[in-house]
Amino acid sequence: MTMSHENPEIDSDWLRAAQMTKKENKKKKKQLNTLKARDRNEKFNLHEVPFRVTLIRTGKSKYEMIICNHHIIYDGWSNGIILEEFFQAYRDLSNGKDLVKPVKTKFKEFIKWILVHHKDEREKFWRKHLMGFDSQTQLSIKSKKNAETISTGKYQIRYEKDLKDQLEDFVKAYKLTLASLLYSSWGLLLQKYNNSDDVIFGTVVSGRSAKIEKIEEIVGLLINTLPLRMKTNTKEKIGDLIHRVHNILQLREDYEDTPLVDIKK
């Protein structure tokens with residue numbers, strides 16, 4: 001026979017400690033969110049600082065770092081570059097080494113490229129791509145009950161690994177890209193909502209296809225938004241459509257640095 005001995009005082013002490021820890025963690029999280037919101041709402045004077053770095057101690061040996069910048073300064077790709085240089089500087093200082101400023105291509109070289117690269121060819125390409133399009137592509141979802149537009153929000157979906165693998169196998173087998181597959185799907189959806197076989201929607205590119213030395217190391221706002229037109233006909237097979245979208249994406253790579261304001265003109 002096995003006998004057990006339970007101490008209600010120990011159990012109650014453990015429960016109180018657990019509740020206290022949970023309460024403290026909740027309080028810390030609330031304080032952290034308050035600091036983030038305050039930092040996010042603080043305006044930038046770009047004549048003084050390009051970005052702010054805030055280091056918050058959240059535990060005995062645990063910290064959270066907040067980097068806040070004006071969106072006009074640099075894009076998401078640049079985040080990784082800045083963090084790598086930041087931590088490299090931290091490692092050097094920790095090991096007693098002198099800081100060495102990285103030598104790399106400057107952002108102004110990218111601006112020079114935009115001003116002179118294929119200027120006439122860019123206009124010809126975009127005129128041909130957008131020729132004859134004279135309507136608006138919208139995504140207006142109305143309630144069947146009262147015909148009022150439903151307020152929009154943010155929705156995220158995560159693909160299961162099996163579906164992700166199937167998509168990757170599909171594009172690999174047919175020598176496509178995930179971008180061309182997803183853009184084709186989105187374009188077909190917009191066509192249904194607009195009751196049209198000719199739609200345009202915005203696509204985002206990294207802007208780093210320009211033939212500039214070590215462009216992948218440049219910090220700046222290289223990202224660009226470009227219109228993608230998708231026109232279909234009832235006789236076209238879905239496979240042919242995706243391949244056509246894929247070819248358009250490849251063809252426009254030489255003109256991805258065209259400013260959106262110029263395309264709108």
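A: Thr-105 sits in the loop that lies between α2 (76–94) and α3 (107–116), and in this predicted model its side chain reaches the backbone oxygen of Glu-213 at 2.7 Å.

Thr-258 belongs to the loop between α7 and α8 (260–264), and because its relative accessible area is 5%, which is under the 20% cut-off, Thr-258 is classed as buried. The side chain of Thr-258 is joined to that of Trp-126 by a polar contact of 3.1 Å. Leaving aside neighbours within four places in sequence, the residues in contact with Thr-258 are Arg-122, Trp-126, Asn-224, Leu-226 and Ile-263.

Two of those contacts, Asn-224 and Leu-226, carry numbers that fall in strand β4 (residues 224–231), which runs antiparallel to β3 and is joined to it by eight bridges. One of these pairings links Asp-198 to its bridge partner in β4, Lys-231. Strand β3 (residues 198–205) is largely enclosed by the rest of the structure, because six of its eight residues are buried.

Another antiparallel pairing, again over eight bridges, is found between strand β1 (residues 51–59) and strand β2 (residues 62–69). Here a hairpin connects β1 to β2 through two residues, and Arg-57 has Tyr-63 as its bridge partner in β2.

The loop that holds Thr-258 also leads back to helix α7, and this helix (residues 238–251) packs with helix α6 (residues 178–194), their axes coming within 9 Å and crossing at roughly 115°. The crossing of α6 and α7 is right-handed. On the α6 side the residues that meet α7 are Ala-179, Ser-180, Leu-181, Tyr-183, Ser-184 and Leu-188, while α7 contributes Ile-238, Leu-241, Ile-242, Val-245, His-246 and Leu-249. Sorted by class, this contact between α6 and α7 holds nine nonpolar residues, three polar residues and no charged ones.

Conventions:
Residues are numbered from 1 along each chain as its sequence is written. This is a predicted model: local features need pLDDT of at least 70, side-chain atom pairs count only at pLDDT 80 or more; totals for chains, interfaces and linings use all residues. Side-chain values use heavy atoms; hydrogens and water are left out. Axes are lines fitted to C-alpha atoms, for helices over the stretch in contact, and angles run from 0 to 180 degrees between N-to-C directions. Helices (H or I, at least four residues) and strands (E, at least two) are DSSP runs, numbered from the N terminus. A crossing is left-handed if the near helix is turned anticlockwise from the far one by less than a right angle, and right-handed if clockwise. Contact means heavy atoms within 4.5 Å. Ala, Val, Leu, Ile, Met, Phe, Trp, Tyr, Cys and Pro count as nonpolar, Asp, Glu, Lys and Arg as charged, and the others, Gly among them, as polar. Buried means under 20% relative accessible area, exposed over 50%, partly exposed in between (1.4 Å probe, protein chains only). A polar contact is a pair of N or O atoms within 3.5 Å; within protein, one must be able to donate a hydrogen and the other to accept it, and residues adjacent in sequence count only if both atoms are side-chain atoms. Two strands pair if DSSP finds at least two bridges between them.
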